[in-house]
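The paragraphs after it lead you from one residue to the next.

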Amino acid sequence: MATTLVVIVAFLVGWRPNATVLEWLASGAVVLMFVGAISWASAAVGVLVKTPDAANGFTFMLLFLPYISSAFVPTDTLPSFLQGIARNQPATPFIETLRGLWMGTPIGNQAWWATAWCLGIFAVSYITASWLFRRRAAV
């Protein structure tokens with residue numbers, strides 16, 4: 001819902017994507033895939049920590065990923081010590097894939113990297129959350 005609200009506000013302030021219906025559907029799938037992966041990571045942390053505030057702190061930290069990515073500026077323009085981080089974290093391929101789908105910019109292999117990141121985060125988080133839950137339930 002938050003993404004939908006952001007897209008609506010973007011339209012209201014003048015953003016005009018040139019995506020086709022198929023590209024909008026693909027971007028929706030990319031967003032759902034990313035949200036699903038991050039949700040399982042949050043679930044794993046939620047089972048691990050003892051308080052809701054601690055679990056909320058983890059998701060708060062995730063809000064900073066886009067700031068060290070290609071979301072606001074090209075990664076080549078970042079300070080050299082941040083370029084490697086910006087190029088090799090999950091937000092950059094996710095953002096570049098959406099940008100390509102919505103604005104027609106080249107996607108290259110970013111969609112594959114976004115998918116790999118999402119599947120990797122999902123797999124590790126699902127296995128970890130399941131194991132932690134079983135362990136905590138047995139106590």
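Predicted model: local features only at pLDDT ≥ 70, side-chain atom pairs only at ≥ 80, totals over all residues.

Residues are numbered from 1 along each chain as its sequence is written, and side-chain values use heavy atoms, with hydrogens and water left out.

We begin with Gln 83, which sits in helix H4, residues 80–87 (a helix is a DSSP run of H or I with at least four residues, numbered from the N terminus). Gln 83 has a relative accessible area of 17% and is therefore buried (buried means under 20%, exposed over 50%, and partly exposed in between, with a 1.4 Å probe and protein chains only). Leaving aside residues up to four places away in sequence, Gln 83 touches Thr 75, Asp 76 and Leu 78, where contact means heavy atoms within 4.5 Å. The side chain of Gln 83 also reaches the backbone oxygen of Asp 76 at 3.0 Å.

Turning to Tyr 67, we find this residue in the loop between helix H3 (52–62) and H4. Tyr 67 is exposed, because its relative accessible area is 54%.

Finally, Thr 105 lies in the loop between helix H5 (91–103) and helix H6 (110–138), and with a relative accessible area of 30% Thr 105 is partly exposed. Not counting residues up to four places away in sequence, Thr 105 touches Arg 99 and Gly 100, and a polar atom of the Thr 105 side chain lies 3.4 Å from the backbone nitrogen of Gly 100.

How values were computed: Helix = DSSP H or I, 4+ residues; strand = E, 2+ residues; numbered from the N terminus. Polar contact = N/O pair within 3.5 Å; in protein donor to acceptor, adjacent residues only side chain to side chain.
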